[in-house]
Amino acid sequence: MLGRSTIQSKESLISANLEDKVAFITGVARGQGRAHAVKLASLGADIIGIDICKDVDSMDYPNATPDDLDETVRLVNAEGGRMVGRIADVRDPSGLAEAFSEGHAEFGRLDIVIANAGIIRLTDSDDRGAVWRDIIDTNLTGVWNTIEAALPALREGGRGGSVVITSSSAGLKGTGSEVAGSQAYTAAKRGLVGLMQTLANQYAPEWIRVNTIHPTGVVSGMTVNETMEKLSAAAAAGEASGLAAMQNALPIPILQAADIANAVAWLVSEEAKFITGIALPLDAGFAVR
Ligand SMILES: NC(=O)c1ccc[n+]([C@@H]2O[C@H](COP(=O)([O-])OP(=O)(O)OC[C@H]3O[C@@H](n4cnc5c(N)ncnc54)[C@H](O)[C@@H]3O)[C@@H](O)[C@H]2O)c1
């Protein structure tokens, strides 16, 4: 209850009070998705969250587990929030819609969508086509599926709402790479900007705001794993690696998931009620470097 009690303070009531709001978050079992769930719950929101909780063959690092999802639910509850957490794959529209509907039936409303689930592969593969397809299916089509599942409920509410799509610094600036996963990741993340602009224009009359966020490197399961350690070591040894080109302007090598969640808590709040259609770098100056 510690987090909820903080919203009683005058300052918090003026800023990002999300009491009675409901957020739908994908990729919620760990990393940034979990950080969003916990942060929004601390500000009063209830959470509908899904995660695949299963590995994907073409990836070179593991996805989250069912235990990770349980831990997110526990952390949300510890903030005084309620959470419907389900295992679902953003590539599977019917499973996704079913999971969302269960949460929506439980809480009876929807205000916020955070389309966050995503994968990457920075090592090459014998099956480049499979890597390309899985990344596009998850990071681009999966986001479209997420919004398809949730938008009718957002519109029916008639209170407007906020959709945040997690792109990447790669969605604003491509770095050279012969790796299929890197090419697909950049293409998908850039594609999300086009999707965001289309939806932002379409639903602005209903006060539904749609924005992309573009984080630089963030500590999460995507960046802290055996494969990434090997790539970092290779980059440090001067070997050609996509990682060598990924540096921020501010002297901070990597952000924490909570840094991204803090910015998103503002973006979905009333304080940002006039912000729509923007591609917001959360990138320690990566884009200007
Ligand atoms: N970590 C970074 O450096 C970084 C930087 C910029 C953008 N991003 C983006 O941030 C988002 C969150 O990633 P993260 O950093 O928290 O990494 P992460 O790997 O810790 O979290 C991603 C989550 O998505 C889940 N997921 C993967 N495929 C799924 C699917 N098909 N259906 C449902 N869930 C699925 C995973 O199980 C995992 O829990 C991603 O879209 C990623 O591309 C990450």
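A residue is near a molecule or strand if its C-beta atom, placed from the backbone, lies within 6 Å of it. This is a predicted model: local features need pLDDT of at least 70, side-chain atom pairs count only at pLDDT 80 or more, and totals for chains, interfaces and linings use all residues. Numbering starts from 1 along each chain as its sequence is written.

**Ligand shell**

The ligand is surrounded by 29 residues. Gly27, Gly31, Gly118, Ser220 and Gly221 are the closest. Two elements give two or more residues to this shell: α3 (31-42) and α6 (128-157). Helices (H or I, at least four residues) and strands (E, at least two) are DSSP runs, numbered from the N terminus. Helix α3 gives the most, with 3 residues. By class, the shell has 9 nonpolar, 16 polar and 4 charged residues. Here Ala, Val, Leu, Ile, Met, Phe, Trp, Tyr, Cys and Pro count as nonpolar, Asp, Glu, Lys and Arg as charged, and the others, Gly among them, as polar.

**Core**

In soluble globular proteins, nonpolar side chains tend to be buried together. A nonpolar core is a set of buried Ala, Val, Leu, Ile, Met, Phe, Trp, Tyr and Cys residues joined through C-beta atoms within 7 Å. The largest one here has 80 residues. Among those with the most contacts inside it are Ala23, Leu40 and Val264. Helix α6 supplies the largest share of this core, 9 residues. Leaving aside neighbours within four places in sequence, Val264 is in contact (C-beta atoms, placed from the backbone, within 7 Å) with His36, Ile114, Val164 and Ile213.

**Helix pair**

Helix α5 (residues 93-107) packs against α6 at an angle of about 35°, with the axes 9 Å apart. Axes are lines fitted to C-alpha atoms, for helices over the stretch in contact, and angles run from 0 to 180 degrees between N-to-C directions. Residues of α5, including Phe100 and His104, meet residues of α6, including Asn145 and Ala153. This contact has 7 nonpolar, 3 polar and 1 charged residues.

**Single residues**

A residue is buried if 20 or more other C-beta atoms lie within 10 Å of its own, exposed if 12 or fewer, and partly exposed in between, with C-beta atoms placed from the backbone.

| Residue | C-beta atoms within 10 Å | Class |
|---|---|---|
| Arg74 | 11 | exposed |
| Trp207 | 13 | partly exposed |
| Ala284 | 21 | buried |

Arg74 is in helix α4 (residues 66-78). Trp207 lies in the loop between α7 (180-203) and β6 (208-215). Its phi is positive, about 60°, although Trp207 is not a glycine. Ala284 follows β7 (279-282) and has a positive phi of about 50°.

Terms used. Contact = placed C-beta atoms within 7 Å.
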